[in-house]
Amino acid sequence: MSFASLVFLFFFLPVVLVGYYRFPRRWRNPFLLAANLVFYGWGEPWFLPVILLTALANWQIGRLIARSAEPRVRRFWLGAALVLDFGLLAVFKYTAFVLDSIGLGRLLASPLPLPLGISFYTFQVVSYVVDVYRNSAPAEHRFVPFATYMTFFPQLIAGPIVRYDELQGQLAAREETWQKIANGFCLLLVGLGKKMLLANPMGQLWDGLRTLPDGPGLVGAWLGAAAFTLQIYFDFSGYSDMARGLGALFGFEIPVNFRYPYAACSIKDFWRRWHITLSRWFRDYGYIPLGGSRRGAARTVVNLFVVWALTGLWHGAAWNYVLWGLYYFALLLIERQLGEERLARLPRALRHILTMALVMLGWVLFAIEDFGALGAYLRTMFSLSGGLLSRQAAVWALSYLPLLVVAILVCLPAAARLVQAREHTRLVRWGAPVCCLLLLAASTAALVAQSYNPFLYFRF
């Protein structure tokens, strides 16, 4: 079930909210768990046993690790959890990829269906078991709170990736206030607006320019890359905003996942702002355990290579995702060699333009899985053989130009700073609810009218 659907917005969510607040506080977690399972099983009930098995096994293993003082026993159970969690992820997500890569793809009549959100909830339970093993978080001895955390529907399908210690106290006791509920609704509707009014049209522009029979031309190719750059940001940050807003409706505070990444002035700064919870996960459970930067320059390079290759592979079972991850490994390595002080001498505007050009190029690597099509599109971006801008591309560009300008302005922090500076004025206090209602009306109209409504990160 998608948040950007009429069924969710006008049936599932109202029913769950009414039921949640009618139950006594001690029954709210069990009710939420039931709602989580209904949400997850709505479209794919056959995968409910997989997620329930994962929850039950990791909950029990966490208890076994916490009970034992013997290092060998603790390591055994940690290894068992990692084999189970990453094994399930590998079987469902990478079996077809591995078989295709070694020329045995014909052994599968069709690729295995991918359980929704498996990449996200796998990382969550792995972080829990590892934290219990490290004694940096207590084990949860009750199954219902743990299963509620793992299957929490606001962030189950596409994150943010939340650690158990961030929600453990809130699962035990949380405060649901009218202010939190109001803020949650506003954040939910802002995210919905990002998705329906900005991400989807940008996706249509990208698809239109990329598939033009005569090609888009050099300018058109960069315009298409810009459209996909905006689509994936508004798609994913919109989902993250909706997740945080939905969490607030039930009294939970979910961590921020995006901080205006397209305002970055370096690749390192970009990854401090983009998909923050994923970067944090790979830092704490990948890069640092491998040794981080503590074992010399050569080992640091190897650690970065491994982490970024895995980051790319986590995003999808195809070689273009691995290439995308290694592309960022190379860029970060170059920045590391140049040094932050040397880069800071360049004008900020120049650093921002260069960073965004590199990010846009990276998103092209991310978006096109077929290497032949990828090579052709990259040649168009860096060659005048197809002209500057084809006639068809010019039509697409003029049709979407006003919305493209709006999207660029919205993804930068200037507008938000203006609102924050005036947040105590009467106009903003009264205007915010009106704007939220307008977003709901416009997004609902778009839901009814549009057939194009993908969530890009659902497939990961």
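Colleague: What is the mean pLDDT of the protein, and what share of its residues reach 70 or more?

Modeller: This is a predicted model, and its mean pLDDT is 90, with 95% of the residues reaching 70 or more.

Colleague: Which residues of helix α17 are called buried?

Modeller: In α17 (residues 371-381) they are Leu374, Tyr377 and Met381.

Colleague: Why do you say that the buried residues of α17 line one face of the helix?

Modeller: Looking down the axis of α17, they fall within an arc of 70 degrees, so one face holds them. An α-helix has 3.6 residues a turn, so residues three or four places apart point the same way. The cover over the buried residues of α17 includes α9 (178-210), α10 (217-249), α14 and α16.

Colleague: What makes up the lining of the second largest pocket, by nonpolar, polar and charged residues?

Modeller: That pocket holds about 800 Å³ of space. Its lining has 25 residues, and Lys268, Trp271, Arg272, Trp308 and Leu332 are the closest to the centre. Lining residues divide into 13 nonpolar, 4 polar and 8 charged. Trp counts as nonpolar, whereas Lys and Arg count as charged.

Colleague: Which element gives the most to that lining?

Modeller: Helix α12 does, with 7 residues. Elements that give two or more residues include α11 (267-273), α13 (297-315) and α14 (319-338).

How values were computed
Residues are numbered from 1 along each chain as its sequence is written. This is a predicted model: local features need pLDDT of at least 70, side-chain atom pairs count only at pLDDT 80 or more; totals for chains, interfaces and linings use all residues. Side-chain values use heavy atoms; hydrogens and water are left out. On a 1 Å grid over the protein atoms alone, a cavity is a set of points where a 1.4 Å probe fits but cannot get out, and a pocket is an open set with protein on both sides within 12 Å along at least five of seven lines; lining residues have an atom within 4 Å of a point. Grid points are joined across faces, edges and corners, and a volume is the space filled by probe spheres set on the points. Helices (H or I, at least four residues) and strands (E, at least two) are DSSP runs, numbered from the N terminus. pLDDT is the predictor's confidence in each residue, from 0 to 100. Buried means under 20% relative accessible area, exposed over 50%, partly exposed in between (1.4 Å probe, protein chains only). The arc is that of the directions from the helix axis to the C-beta atoms. Contact means heavy atoms within 4.5 Å.
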